[in-house]
Amino acid sequence: MESVFKYIFAMIAGAFILLFFVNFAMKYISSEENVEAAELVSNFDNQLSIVSTSENGFKEHNLGLERDISFNRGRIVSGTAKKNSTNIVYSPKSLQGVKILLWTKKWVFPYAIDSFYYMSNDKYKYVAISDETSQEFVDTLVKPKEGEISDSFKAVSFTFDKFQSQQSALSRSYSAFKKVRIAYFSDNPSKDTIKKLSSSMKNADVIVIKRADTNDGEWSAGTVSFGQEEAIYVGLPMMIGAIFAEDFENYDFNLKRALGRFREVTGLYMKKAEFMQQRLPSCEGYTGSVGIGGLLKSIMDLGEGDAAKYAELSTALEESNKQNFGADCPSVF
Amino acid sequence: MDRKGVIEMMETFMVLFIIFLLIGIGMYYFFTSSVKEQQTTIKEVCMLDATQMLASVIVIPDIQCSMHSRLEPYCADTAKLLYIKDSARAKALGELGACKKKIVFQRIYPKPEAKNNGTECTPNEPEACGQWTIFEPKPADIKGKASRTMSTPVSLYYPDKREFGMGRLLITTYTS
């Protein structure tokens, strides 16, 4: 009888020890996963800075295993790890998978300001729709091998008429995507077209991109609408950012951050212009209301409201930088 | 309880005590080696950050040279370097990654006078000086930490003199 109790006692003690080790192993695995998530999140900015060494760089970032990474208003979250990034990232709110497509483009307006980062994966589809006012531009934006948008995202373009004629086939072939972002480019966007695009497929999400009324007639500045909400875009990289942004809140967050960076770099050039004027007093055009310093101050004082004004001042700055300065009086940027 | 039973009970508790003692010692060494491993990983990540930064700092628009809107590779504009210190961008650079970093551009050629080697270049004194510090951590943040410096040669552009020179970018990392 005594030995029976001994065995029972040994079994209970053994079970406790076994449970302890199993629990320990589980906790260890979970903590290792958390460490990996923390490493992924904390190294995220470094991964971006590697890509930013190129003006137009692309990287397929392999996460090693299936992960869910969330990007929302500058905050990166993976598992229990969180981090605020200082970079300007246009991306869907949640990216699930093993691979992330990461692309960067330098924002130059008219001087280099910062690098914009675009992220997505194969669960998202990007479609550009043009009408007669935008067809030429959309063809240059989404063009295999030569387009402004990296080929890796497999973006496609259609005229609205062509899209309508192929709608049912497209709807079927795009049904597996988590979201189909449709960017409708037009000088005169029609409500009827927007409605038809929105109802074209169940996973469609439409944004409307409209060019600003500028002298050069380029698409370098304008407005972008996410449903009822509208914001400006300044430069092609920012317009492309609108295509990749999850929603208005995220786009607007990046717009404010980008304009903050713009003012920071402009302030630096203003200081450089003053320094150059002091060091090279015989050169004209660095400071004063008619000099490049005056233009820099004007563009720095612009708010978020007028895309056309940004485009005009940017052109004026570029011309002033080219025409007023040469070998003896070096350009400001 | 008879004497034999007491002895057997004590034996059992002794065995259990020794088992838990062994588990405890094992766990102590396991966690100690884990912490050491983590510290080594942080050091490695930190060095990797610094290596990556040697390539990425020079392409930041607040530092990179540009002429008539054309960006020049591996070139730092010394007029910009005079004003970038203490900016939000400089702070973001210094605090990027796993550890604090000091970022400095140093003049190599034309060689500064020996007395000016360590002198900081400022808008008021842009010539008789030898270096531009972009970011320097607070002394309290790096107290007692080991430092390691990495460098790369860069081209320095002096727009006020319309000249180019040679310099180097130094990144000092601080780890526990």
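Two parts of a protein are in contact when they have heavy atoms within 4.5 Å. Helices (H or I, at least four residues) and strands (E, at least two) are DSSP runs, numbered from the N terminus. Angles run from 0 to 180 degrees between N-to-C directions, along axes fitted to C-alpha atoms, for helices over the stretch in contact.

What you see is a predicted model, in which local features need pLDDT of at least 70, side-chain atom pairs count only at pLDDT 80 or more, and totals for chains, interfaces and linings use all residues. Residues are numbered from 1 along each chain as its sequence is written, chains are lettered from A and ligands numbered from 1 in the order in which they are written, and side-chain values use heavy atoms, without hydrogens and water.

Let's start with the sheet. In chain A, six strands form an open, mixed sheet in the order S3-S2-S1-S5-S6-S4; two strands pair if DSSP finds at least two bridges between them. Strands S3 (81–84) and S4 (88–90) of chain A are its edges.

Now look at the helices. Helix H7 (residues 236–244) of chain A lies across S4, S5 and S6 of chain A, at about 20 degrees to S6(A).

Finally, turn to the partner chain. 46 residues of chain A are in contact with 42 residues of chain B. A:Arg279 and B:Asp160 join in a salt bridge at 2.8 Å, N to O; the rule asks for a side-chain nitrogen of Lys or Arg within 4 Å of a carboxyl oxygen of Asp or Glu.
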